[in-house]
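Morning, everyone. Please take a look at the model on the screen. I'll walk you through how some of its parts pack.

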Amino acid sequence: MTKHCALFAGQSIQETGMCRELWKNKAAREILERLKPSLGDDLEAITTSMPDAQLALTFNAQRAIHAHHLGHWFAYKAAHPDLRLDGAIGHSMGVVAALVAAGCLSVEDSGKFIRARAQAFSDVCKTFKTPMGLAAVSTDDFNDVVEAAAEFPGLSVALYNTIGRGSVGGTVAILEAFQSKAQAEDWPMKMKVLKVEGPYHTAAFAPCKSALTAAVAGLGIKVPSIPLFMGTSGKQESDPARIKTLMFDQADHVELHLAAVQAAHAAGCRKFLEVSYKPQPVTWLSNQLPAGAYEALSVTTPEIGN
């Protein structure tokens, strides 16, 4: 039997109206109501009508994306009751939705943690004395970017997404300097500044780990009912105590999404499924796994139905 693995995206996928149609689905609507006590009574408004500029703010974006993930996932499950899931991976903050899909975290506890995470990340962003952020970089081999970034003090590698894609973080000034050098020297590289407030997964976010540690301590984490692959380690994880540690370590650790996908493939997963308003990680598979060795499945909101 072919094994299915669910994928959940990270921050920067937020977009005005992302859940406008989704909340018309009964199963998704039930998830929205279950998340409101933790994520706020404004949850429906931020996912259906909040302007992009406000939605891009960390506190709003993380809450909206998590609701978006779980709403889509439970709507899809309701429409496909016979679906057997054999793995789950979350890119960056998407790991919290993956924990729910893997059966080791309840919807309610996931909302509590995302609320704490969004607040902690937002609080750190407010302390920056100069604008900071992340930039997505694509090239033939992302390791070349890693080597080049080492020559720029203050520039950090934040995410390994695929063989040729990843993100670097730092002050906006250092990101612009890095981009200018790449353009001046005609590096075979494309770079795009992301719609985020800070360089997540770098040392700049170490100050929020105490808040995340406290938030994780109150969660009821169970042993996953299906294989769970976490980007903080790039491996399959099953021990609840270790999962908790990785949840707060994620704040300032490089995200090894590529390694997590490859670990899922090595464990036998061949069909990778992303259910979303606008699928993202599933589109990276061609730059992560051998051609013909997997099947990419993406389902958008209209295809779920009501």
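A contact here means heavy atoms within 4.5 Å. Helices (H or I, at least four residues) and strands (E, at least two) are DSSP runs, numbered from the N terminus. This is a predicted model: local features need pLDDT of at least 70, side-chain atom pairs count only at pLDDT 80 or more, and totals for chains, interfaces and linings use all residues. Residues are numbered from 1 along each chain as its sequence is written, and side-chain values use heavy atoms, leaving out hydrogens and water.

Sheet next. Five strands form an open sheet with mixed pairing, in the order β6-β3-β5-β4-β9. Pairing takes at least two DSSP bridges between two strands. β6 (190–193) and β9 (255–256) are at the edges with a single partner strand each, so one side of each has no neighbour in the sheet.

Look at β3 (residues 132–138) and β5 (residues 165–171). They pair in the antiparallel sense, over seven bridges. L134 sits opposite G169 in β5.

Now the helices on those strands. α7 (residues 142–149) lies across β3, β4 (156–160) and β5, and runs at about 165 degrees to β4. Angles run from 0 to 180 degrees between N-to-C directions; axes are lines fitted to C-alpha atoms, for helices over the stretch in contact. α8 (residues 172–184) packs on the sheet too, touching β3, β5 and β6. Its direction makes about 130 degrees with that of β5.

Last, a helix pair. α4 (residues 58–79) and α6 (residues 107–125) pack at about 155 degrees, axes 8 Å apart. F59, H66 and L70 are among the α4 residues that meet α6.
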